[in-house]
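Visitor: I would like to go through this entry term by term, with each label set against its cut-off. Please show it to me first.

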Amino acid sequence: FILLFLVSFLYNGTATSLVNWINTYLDQVHFPILLSAGMVSLFYLGLSIGRLTCSLVAEKTGYTRLILICSIFSLLFYPLSIWTTSPFLIACGVFLSGLFFSGLHPTSLALANQLYPHLSGTVSSMLGIAMTLGAMIVPWMTGFVADRAGFRIGFSQNVALLVVLVFVAARLRWI
């Protein structure tokens, strides 16, 4: 359960950080305002398409395998959002991050409810708490670091958290 808690925490923390800070970051590097504003919409478009896709393949793929796949591809595409300068690559990174982030929490929730059917309300609430904590702590850390060292460094800590997420997902798969 602790691993599932970490999946929800790390997913929502890094995703919320990207959504909350991408416009400010792009404004600081002088991207056009319309391009910056569209990034949040692209993220949520990817998230919506990904949620639909993941719901269709979750049971066939297996919950732990899907969590691992989503965590790996989230890690691969997140850096495009922050370490490239091409508007097209940034847009691809934001969209594809959303696409692969989409399967992390819902799949963790489904797995947790399968593992602990007699505690489904408690499990759902605890994973909700994990998401809330992630949405509070990680974006704050990103902003704190960005104020001192710049947004690329602030976002880089999120990449490090996504590396941790891949290890958590691999451990979950192994168990």
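Visitor: How many helices and how many strands are there in the protein chain?

Guide: The protein chain has seven helices and zero strands. Both are DSSP runs numbered from the N terminus: helices are H or I with at least four residues, strands are E with at least two. From the N terminus on, the order of elements is α-α-α-α-α-α-α. This is a predicted model, in which local features need pLDDT of at least 70 and side-chain atom pairs count only at pLDDT 80 or more, while totals for chains, interfaces and linings use all residues. Residues are numbered from 1 along each chain as its sequence is written, and side-chain values use heavy atoms, with hydrogens and water left out.

Visitor: Why is the pair of phenylalanine 1 and tyrosine 116 called edge-to-face?

Guide: Rings of Phe, Tyr and Trp (its six-membered ring) pair if their centres lie within 6.5 Å; planes under 30 degrees apart count as stacked, over 60 as edge-to-face and the rest as tilted. Here the centres are 6.2 Å apart and the planes stand at 80°, so the pair is edge-to-face. Phenylalanine 1 is in the segment before helix H1 (2–28), and tyrosine 116 is in the loop between helix H5 (104–115) and helix H6 (120–149), so that the pair links parts of the chain 115 residues apart. A search of the whole structure finds 13 aromatic pairs.

Visitor: What makes tryptophan 140 and phenylalanine 144 a stacked pair?

Guide: Their centres are 5.3 Å apart and their planes 25° apart, which puts the pair in the stacked class. Both residues lie in helix H6, four residues apart, about one turn of the helix. Tryptophan 140 is exposed at 56%, and phenylalanine 144 is partly exposed at 38%.

Visitor: How do you know that arginine 148 lies over the face of phenylalanine 144?

Guide: A charge sits over a ring if NZ of Lys or CZ of Arg is within 6 Å of the ring centre and within 35 degrees of the ring normal. Arginine 148 is at 3.8 Å from the ring centre and is counted as lying over the face.

Visitor: Why is cysteine 70 in no disulfide?

Guide: A disulfide is a covalent bond between the sulfur atoms of two cysteines. A search of the whole structure finds zero disulfides. For cysteine 70, the nearest cysteine sulfur, that of cysteine 54, is 4.1 Å away. Cysteine 70 is buried, at 2%. Cysteine 92 is in no disulfide either, with the sulfur of cysteine 70 the nearest at 18 Å. Cysteine 92 is partly exposed, at 21%.

Visitor: Which residues of the largest nonpolar core touch the most other members?

Guide: A nonpolar core is a set of buried Ala, Val, Leu, Ile, Met, Phe, Trp, Tyr and Cys residues joined through side-chain atoms within 4.5 Å. Of the 47 residues in the largest one, Phe43, Tyr78, Phe101 and Leu104 touch the most other members. H1 gives the most to this core, with twelve residues. Phe43, Tyr78 and Phe101 also belong to one aromatic cluster with Tyr11 and Tyr44.

Visitor: What is serine 36 in contact with, leaving aside its neighbours within four places in sequence?

Guide: Contact means heavy atoms within 4.5 Å. By that rule, serine 36 is in contact with Asn23, Leu26, Asp27 and Phe31. Serine 36 lies in helix H2 (residues 33–61) and is buried, with 3%. Leucine 52, also in helix H2, is exposed at 54%.

Terms used: Buried < 20%, exposed > 50% of the residue type's maximum accessible area, 1.4 Å probe, protein only. Disulfide = S-S within 2.5 Å.
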